[in-house]
Amino acid sequence: MLETSILQQVTEIFRNLEADYTFRISQSPLREESSQLIEFLNDFASTSPHLKVEIHEADGDTLAFTLLKNGEETGITFRGIPNGHEFTSLLLAVLNADGKGKNLPDEGVARRVRALKGDIRLQTYVSLTCTNCPDVVQTLNIFALLNPNIRHEMVDGALFQNEVDKLGVQAVPAVFAEGKMLHVGRGSLGELLEKLEVAYPSSGETENEDHTPIHRTFDVVVLGGGPAGASAAIYSARKGLKVAMVAERIGGQVKETVGIENLISVPYTTGSQLADNLRTHLTHYPIELFENRRIESTDFQGKEKQVTVKGGEVFSAPAVIIATGAGWRRLNVEGEAEYIGRGVAFCPHCDGPFYAGKEVAVVGGGNSGIEAAIDLAGICKKVTVIEFMDSLKADQVLQDKAKSLPNVEIFTSTQTMKVMGNGDKVTALQLKNRQTEELHELPLDGVFVQIGLSANSQPFAELEKTRIGEIVIDAHCRTNLPGVYAAGDVSSVPYKQIIIAMGEGAKAALTAFDDRVRGVI
């Protein structure tokens, strides 16, 4: 079932396995996929003498396997055949259990995971074509490995459609805890951990053995792991300074970009590949990376600036460069939050297949909105574009393409007033014609929100901001407080582009170094 070339690669990856692992299959002969699962895992297990397969018959429509390490439960189960994008999740489940994975969290984050209390049973419904699902599956598998109270199960929604329908899943990945939705859509390790900390309160903050909060001191602390943050950290490190990068994830918002064609000298790349390249470049310098951290508070008064993150860790330095970027904007209308994952979606690439043959709307007439409409038109019965302004903002070539499609309808001068539903899923949008003030309802099955980004500047109350929340900077990336700099999409710099963010990050680092040399900080 698995190609020879793939098996050869996996054999090399598993060459140094130390523990013994068992794939314990529970399958019903009534399921036609049972033989495929057995063949798949036998092929996979053939790559190492440390792997074996056990087969147990079960009743009903059971089709699952659990990972055991040296005969003991790891807390990881797969319901379905983890092929496609989830193949990596299976590969990393073994590597992480063996302590050899590359995406294991540092000790500060691991302590927070181990501190979670309660009997935690998690299920993640996925699509094997979803590019965001593996990140969530792999994260929750790691949680299960770190904390024996946690059990996690990946479920291929296509093989268990009755469950998907019963739970009302309309977007993936969809994470459920005790039968209740905990999370839907793309999610970082830090975000998922925070949600679990709310649902299953932990035993306390991240502390040293003497129970004092961990305090880390540097020459420069860079907040954010996107293009601006990576550039700032690299330029600072090249000056011989002790640098820390504190971020929710390396790559930032870039990871969610599918295709990038305007990064000069690179004709084409993807957001995921660029994020990987940023990480690789960062590791060429003695930069300390602290991922999966969410900023809770700051104290920028005085010479030593302090940043406190979730879990109690404190980072301090005379220079702080803020490069926290921006996040997806929401409509902030009635019904939107209630129906996220049940008809309200943000990623057409991951969630579009749920709406095959159905009618959807895309809110937003910029490049991302029109690109989403064009993509969705290939699988949906009808796509309606809703644009608040009097004209579309997308590039003309995209507008022409969208207008040429017979199942795409475009409304301009239209305001989205309410997301309507029946309690289980979205059924319509309430819209207002901004020219006539007339209200009307648009029946549909789903809505994709594509209205741009908003600056991630909420934790920085001490800094001057624009009306829309961007941190105000001068031509050298200085803020209104000495020793504090901002770069990229979080700042007031015009034009939110990757290449501009990279330049701004370098500029902020050079300014901070110049201020240091001149005794300003």
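The following legends describe close-up views of one predicted model.

In this predicted model, local features need pLDDT of at least 70 and side-chain atom pairs count only at pLDDT 80 or more, while totals for chains, interfaces and linings use all residues. Residues are numbered from 1 along each chain as its sequence is written, and side-chain values use heavy atoms, with hydrogens and water left out.

**View 1. An open sheet of five strands with the order 12-11-10-16-27.**
The pairing in this sheet is parallel; helices (H or I, at least four residues) and strands (E, at least two) are DSSP runs, numbered from the N terminus, and two strands pair if DSSP finds at least two bridges between them. Strand 12 (287–290) and strand 27 (484–486) stand at the edges with a single partner strand each, so one side of each has no neighbour in the sheet. From one strand to the next, the twist averages 20 degrees. Strand 10 (residues 220–223) and strand 16 (residues 319–322) run parallel and are joined by four bridges, and within strand 16 the bridge partner of Val220 is Ala319. Helix 8 (residues 227–237) packs on the sheet, where it touches strand 10, strand 11 (243–246), strand 12 and strand 16, and its direction makes about 170 degrees with that of strand 11. Axes here are lines fitted to C-alpha atoms, for helices over the stretch in contact, and angles run from 0 to 180 degrees between N-to-C directions; contact means heavy atoms within 4.5 Å.

**View 2. An open sheet of five strands with the order 18-25-19-20-21.**
This sheet, too, has parallel pairing, and its edge strands, strand 18 (344–345) and strand 21, each pair on one side only. Five bridges connect strand 19 (residues 359–363) with strand 20, the two running parallel, and Val362 has Val385 of strand 20 as its bridge partner. Strand 20 (residues 382–386) also runs parallel to strand 21 (residues 408–411), to which four bridges join it; here Thr384 has Glu409 as its bridge partner in strand 21. Together with helix 12 (residues 396–404), strand 20 and strand 21 make a right-handed β-α-β unit, where right-handed means that, with the strands pointing away from the viewer, the path from the first strand over the helix to the second runs clockwise.

**View 3. Helix 3 and helix 5, with most of their residues buried.**
Helix 3 (residues 87–97) is largely enclosed by the rest of the structure, because ten of its eleven residues are buried, which means under 20% relative accessible area, whereas exposed means over 50% and partly exposed lies in between (1.4 Å probe, protein chains only). Among the buried residues of helix 3 are Phe87, Leu90, Leu91 and Val94. Gly99, which follows helix 3, has a positive phi near 75 degrees. Helix 5 (residues 133–146) reaches 20 Å from its first C-alpha to its last, close to the 20 Å expected for its 14 residues at 1.5 Å a residue; the expected span is 1.5 Å times one less than the number of residues. Twelve of the 14 residues of helix 5 are buried, including Cys133, Pro134, Asn141 and Phe143.

A nonpolar core is a set of buried Ala, Val, Leu, Ile, Met, Phe, Trp, Tyr and Cys residues joined through side-chain atoms within 4.5 Å. The largest core has 84 residues, and Phe23 and Phe44 have the most contacts inside it. Not counting residues up to four places away in sequence, Phe44 touches several residues, among them Leu2, Phe14, Phe23, Phe87 and Val94.

**View 4. Loop residues Thr324, Pro173, Asn70 and Asn332.**
Thr324 is in the loop between strand 16 and strand 17 (326–328), and, leaving aside neighbours within four places in sequence, Thr324 is in contact with Leu223, Gly224, Ile295, Asn456, Phe460 and Val490. Pro173 lies in the loop between helix 6 (161–167) and strand 7 (174–177) and is joined to Val172 by a cis peptide bond, with omega about -5 degrees. In the loop between strand 3 (63–69) and strand 4 (72–79) is Asn70, a residue other than glycine whose phi is positive, near 50 degrees. Asn332, in the loop between strand 17 and strand 18, is not a glycine either but has a positive phi of about 55 degrees. With a relative accessible area of 68%, Asn332 is exposed.
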